[in-house]
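I opened the sequence and the 3D model side by side.

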Amino acid sequence: MPKLNENYLNVKDSYLFAEIARRVNEYAAAHPEQKIIRLGIGDVTRPLAPNVIASLHEGVDAMGSSETFMGYGPEQGYAFLRDAISAYYKSYGVDVDPSEIFISDGAKSDTGNITEMFDADNTILVPDPVYPVYVDTNIMSGKNITYMSGNADNAFLPMPDPNVHADVIYLCSPNNPTGAVYNKAQLKEWVDYALREHAVLLFDAAYEAFITDPELPRSIFAIEGAKECAIEFCSLSKTAGFTGTRCGYTVVPKALTFPAANGTEMSLHAMWNRRQSTKFNGTSYIIQKGAAAVFTPEGLAQCKENIAYYQENARIIAQTLQKHGVRFFGGVHSPYIWFECPQQMDSWDFFDKMLHEIQVVGTPGAGFGENGKYFFRLTAFGDRENTIEAMARMETIL
Ligand SMILES: *Cc1c(COP(=O)(O)O)cnc(C)c1O
């Protein structure tokens, strides 16, 4: 009889979206005449850019002829895509060598798989509220988590406590679920703290493309010293609508080395390369062809149009909340708007109120951690008409 990984006993059922679906379905069955608007989705809705579609087609055609057929590719990703991503970083002033970029099928896999690089005996700092993947993947691999509090007082941007040691620190900016964005000075503080504590920052930049202020850092590597203490995860999911197409990338600097117990210097870049070469056979050539098109001038311009569409939705939502004096975070450099439930309502009670009174579905903050109990997340990924209608309905209950 196998002894199973009992850490899985400690992972909570993914109750949030199942419970939302249950409540919505129950309401819809009882009120079939009502139009329900969903502003809870964390998935994009705009189609892929025409330039990407053309490039995907080219990739498919290449597979159909013996001269251009592609078999196994490099586990780290094709040079054409790693070079394109390196040039993309350069376009906003960040220096990342192509050899430090690993192409994957998305940031969720990589943020989960990175836990393999770390022993269970570490102090792992995770913000609350949080993208649940960081929490569950650490629990699955038997690690203990220390939470750091995001709250209205720190604008949901927890900062390092110089009196508390950490070994591994998760940061996500622009943040899911709160939409909050760290500025350069704040990230510098994190980098300095990590260097001082000999810690690693795991920086999730999945929403970097939503940043419009050139003063805000789109990468942890915009901060001096980050190459010695940070790994960055990024994804084409939100940048280019690849949630269903699947492509992401992770930057592991070569300077990231730490001594083993026996004194041997261990390189996270070498370890990640070994891990990927052993357990991953690369992202499909066709998908990498499509991904490379994202980073051409036409591709970037087309993807930007889609992002601008979502940003306008975010602006409409934020404007409604502002008008009614509701305290909120995000909504500017992020597709997420995180607001305080009116009258200090519990987030599930407010969820029910929205569903029953105005038929708008959002995400209760409680699903992202203790600190989300009285907050609520709306997303800008819906279509324009529905977003406008949802906000007109919101006006009636604020
Ligand atoms: C959407 C999202 C990602 C992207 O995940 P993929 O697996 O690349 O689709 C990563 N991190 C956060 C916080 C996200 O919300």
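My notes follow, one topic at a time.

**Ground rules**

I am working with a predicted model, where local features need pLDDT of at least 70 and side-chain atom pairs count only at pLDDT 80 or more, while totals for chains, interfaces and linings use all residues. Residues are numbered from 1 along each chain as its sequence is written, and side-chain values use heavy atoms, with hydrogens and water left out. Helices (H or I, at least four residues) and strands (E, at least two) are DSSP runs, numbered from the N terminus.

**Seven-strand sheet**

I traced an open sheet of seven strands. Its order is E2-E8-E7-E6-E5-E3-E4, and the pairing is mixed. Two strands pair if DSSP finds at least two bridges between them. E2 and E4 stand at the edges with a single partner strand each, so one side of each has no neighbour in the sheet. On average, neighbouring strands are turned by 25° against each other, direction ignored. For angles, axes are lines fitted to C-alpha atoms, for helices over the stretch in contact, and values run from 0 to 180 degrees between N-to-C directions.

I then checked two pairs. E3 (residues 124-128) and E4 (residues 145-149) run parallel, joined by five bridges. Leu-125 has Thr-146 as its bridge partner in E4. From E3 the chain crosses through helix H5 (residues 132-140) to E4, and this β-α-β crossover is right-handed. That means the path from the first strand over the helix to the second runs clockwise, with the strands pointing away from the viewer. E7 and E8 run antiparallel, joined by four bridges. Ser-235 stands opposite Gly-248 in E8.

Helix H8 (residues 268-279) lies across E2, E6 (200-204), E7 and E8. H8 runs at about 25° to E2.

**Helix H3**

H3 (residues 79-91) has 13 residues. From first to last C-alpha it reaches 18 Å, close to the 18 Å expected at 1.5 Å a residue. The expected span is 1.5 Å times one less than the number of residues.

Which residues of H3 are buried? I listed Leu-81, Arg-82, Ala-84, Ile-85, Ser-86, Tyr-88 and Tyr-89. Buried means under 20% relative accessible area, exposed over 50%, and partly exposed in between (1.4 Å probe, protein chains only). The elements that these residues pack against include E2, E7, H9 (285-294) and H10 (297-323). Gly-93 follows H3, and its phi is positive, near 80°.

**Lys-143**

Lys-143 lies in the loop between H5 and E4. Is Lys-143 buried or exposed? It is buried, with a relative accessible area of 8%. I looked up its contacts (heavy atoms within 4.5 Å). Leaving aside neighbours within four places in sequence, Lys-143 touches Thr-115, Phe-118, Asp-119, Ala-120, Ile-124 and Asn-138. Its C-alpha is separated by 23 Å from that of Pro-177, 34 residues apart along the chain.

**Cores**

In soluble globular proteins, nonpolar side chains tend to be buried together. A nonpolar core is a set of buried Ala, Val, Leu, Ile, Met, Phe, Trp, Tyr and Cys residues joined through side-chain atoms within 4.5 Å. The largest here has 96 residues. Ile-169, Leu-201, Ile-220, Phe-242 and Tyr-249 have the most contacts inside it. H10 gives the most to this core, with eight residues. Apart from it lies another core, of 24 residues, among them Ile-114, Ile-139, Ile-145 and Leu-268.

**Four-strand sheet**

Next I found an open sheet of four strands, in the order E11-E12-E15-E14, with antiparallel pairing. E11 (328-330) and E14 are the edge strands, and each pairs on one side only.

Why is E15 (residues 375-379) largely enclosed by the rest of the structure? Because five of its five residues are buried. Phe-375, Arg-377 and Thr-379 point one way from E15, and Phe-376 and Leu-378 point the other way.

E12 (residues 336-340) joins E15 by five bridges. Trp-338 has Arg-377 as its bridge partner. E14 (residues 363-364) joins E15 by two bridges, and Pro-364 stands opposite Phe-376. Helix H11 (residues 347-358) lies across E12, E14 and E15, at about 50° to E15.
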